[in-house]
Amino acid sequence: MRNLLIKTALTFALTAPAFASGTHEGGHGAEMAKDMMEMRAGMMGNAAQVDRTIEVVMRESDDGEMLFEPGSFDFARGETIRFNVTNKGQLEHELVLDTVEGNAEHKAMMAKMDMEHDDPNSIRLDAGMSGEVIWTFTNAGRFEFACLIPGHYESGMHGTITVDAEMAQADENYVAGKIKKIDAKAGKVTIIHGPLVNLDMPAMTMVFRADEATIANMAVGQEIEFVAERVKGKLTVTQVK
Ligand SMILES: [Cu+2]
């Protein structure tokens, strides 16, 4: 077992740098443009498919640190995130999403020459300004967001992004349906629905449980997109769009 672990660690150590230099070498012209659109950290997101919007603040602290708030993120693979970024500091800052290696390479380049990028994985903002980055995290793993303006990373402007291998379930399991009948008293709703892939059920008309708040927002004849799950053995509407 011990041997196996060491072997695995070695293989990884030998493979990882090769991977990093591989991405680096591809960086010219159209290749570069493609790299920036679709990278290991994911790809440029579509505004119409945003799952979550997150407010991010960039600023300097009173004791000379530079930081992002929040300082780290957790996402599920497949999630499209809109980062609403506001620079509340006195200095110019940027937010760049990449692998740790990608940011390190980029930072080394920035140290030689302060380049202002306008790539889909980044945004650079003057003091007081706000903007957004929309990004789809297509790969699981640990990534990084950072400000690569010389000196800022070292002053604290970086954080970890953890992307879980588990797909964002909610979105995957939404199904279209039309409400046929509502029995608010019994906490039941009858829905004509498409296939419930997560429950391995074909399209049909079924009675579901739903809580009071969910039912209060429903009307007979209404077309909805919903998620059904088995809760305590009963088919239950757990989410409605
Ligand atoms: Cu900065």
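Figure 1. Leaving aside neighbours within four places in sequence, Thr205 is in contact with Lys180, Thr190 and Ile192. Two residues are in contact if their C-beta atoms, placed from the backbone, lie within 7 Å. The model is predicted: local features need pLDDT of at least 70, side-chain atom pairs count only at pLDDT 80 or more, and totals for chains, interfaces and linings use all residues. Residues are numbered from 1 along each chain as its sequence is written. Thr205 lies in β14, residues 204-209. Helices (H or I, at least four residues) and strands (E, at least two) are DSSP runs, numbered from the N terminus. Thr205 counts as exposed because it has 12 C-beta neighbours inside 10 Å. A residue is buried if 20 or more other C-beta atoms lie within 10 Å of its own, exposed if 12 or fewer, and partly exposed in between, with C-beta atoms placed from the backbone. His193 is twelve residues from Thr205 in sequence and 6.0 Å from Thr205 in space, C-alpha to C-alpha.

**Figure 2. Strand β12 and its partners.** Strand β12 (residues 175-183) pairs with strand β13 (residues 188-193) in the antiparallel sense, over six bridges. Two strands pair if DSSP finds at least two bridges between them. Lys181 stands opposite Thr190 in β13. The two strands β12 and β13 form a hairpin, with four residues between them. In the turn, Gly187 has a positive phi of about 70°. β12 also pairs with strand β15 (residues 223-231), antiparallel, over four bridges. Here Val175 stands opposite Phe226 in β15.

**Figure 3. The largest nonpolar core, around Leu95.** A nonpolar core is a set of buried Ala, Val, Leu, Ile, Met, Phe, Trp, Tyr and Cys residues joined through C-beta atoms within 7 Å. The largest one has 29 residues, and Leu95 and Cys147 touch the most other members. Elements giving two or more residues to this core are β3 (52-60), β4 (66-69), β6 (80-87), β7 (93-98), β9 (130-136), β10 (141-146) and β11 (158-167). A second, separate core has eleven residues, among them Ile179, Ile191, Phe208 and Ala210.

**Figure 4. Leu67 in strand β4.** Leu67 lies in β4. Leu67 is buried, because 20 other C-beta atoms lie within 10 Å. Leaving aside neighbours within four places in sequence, Leu67 is in contact with Arg59, Ser61, Gly156 and Met157. Tyr153 is 86 residues from Leu67 in sequence, yet 8.9 Å from Leu67 in space, C-alpha to C-alpha.

**Figure 5. The two sides of helix α3.** Helix α3 (residues 100-112) has 13 residues. From first C-alpha to last, α3 reaches 19 Å, close to the 18 Å expected at 1.5 Å a residue. The expected span is 1.5 Å times one less than the number of residues. Gly102, Asn103, Lys107 and Met110 are the buried residues of α3. They cover an arc of only 130° around the axis, so they lie on the same side of α3. The arc is that of the directions from the helix axis to the C-beta atoms. Ala108, Met109, Ala111 and Lys112 are exposed on the other side of α3.

**Figure 6. The whole protein.** The protein has five helices and 16 strands. Buried residues make up 26% of its 241 residues. Of the contacts with a separation of 6 or more, 70% join residues 24 or more positions apart.
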